[in-house]
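Here are my notes on the model you passed along. Please read them with the coordinates open.

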Amino acid sequence: MYCIFSFKSRQEAMRLYDSAKRSGVLVSIISTPKFVYSGCGLSVKTDIEGYQSLYNVFVSMRFSSFLGAFKVRNDRSGLHSERIL
């Protein structure tokens, strides 16, 4: 299970990613999944244990292209997501 913070803007996703890395949060960049948005945005991904740390970085910044934060799990029946922010 993992969490993603999704954006329409690649630049804003990279801003969150860079700030999170500087704060010591274990994050990666992924293409925004189709269940969130069908465009070409990016998402910042962290494991479920890193959600609170990434959230703390997120709330200290301003974003205009934020699509939402989602908890994602992958099992035998496919990909399941739940909006958490």
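1. Basis. This is a predicted model, in which local features need pLDDT of at least 70 and side-chain atom pairs count only at pLDDT 80 or more, while totals for chains, interfaces and linings use all residues. Residues are numbered from 1 along each chain as its sequence is written, and side-chain values use heavy atoms, with hydrogens and water left out.

2. Confidence. Mean pLDDT (the predictor's confidence in each residue, from 0 to 100) is 92 for the protein, and 96% of its residues reach 70 or more.

3. Fold. The protein has 2 helices and 5 strands. These are DSSP runs numbered from the N terminus: helices are H or I with at least four residues, strands E with at least two. Their order along the sequence is β-α-β-β-α-β-β. The radius of gyration, 12 Å, is close to the 12 Å that the globule rule gives for 85 residues, so the protein is as compact as a globular protein of that length. That radius is taken over C-alpha atoms, and the rule is 2.2 Å times the number of residues to the power 0.38.

4. Packing. Of the 85 residues, 40% are buried (under 20% relative accessible area; exposed is over 50%, partly exposed in between; 1.4 Å probe, protein chains only). Contacts are heavy atoms within 4.5 Å. Among contacts with a separation of 6 or more, 66% join residues 24 or more positions apart.

5. Salt bridges. The whole structure holds 2, each a side-chain nitrogen of Lys or Arg within 4 Å of a carboxyl oxygen of Asp or Glu. Glu82 pairs with Lys71 at 3.7 Å, N to O. Glu82 is in strand β5 (residues 78-83) and Lys71 in strand β4 (residues 66-75), so the pair ties together parts 11 residues apart in sequence. Glu82 is partly exposed at 44%, and Lys71 is partly exposed at 26%. Arg73 pairs with Asp75 at 2.5 Å, N to O. Arg73 is partly exposed at 39% relative accessibility, as is Asp75 at 33%.

6. Gly41. Where does Gly41 sit? Its place is the loop between β2 (28-31) and β3 (42-47). Gly41 is buried, with a relative accessible area of 3%. Leaving aside neighbours within four places in sequence, Gly41 contacts Phe7, Lys8, Ser31 and Thr32. Gly41 and Arg10 are 31 residues apart in sequence but 5.6 Å apart in space, C-alpha to C-alpha.
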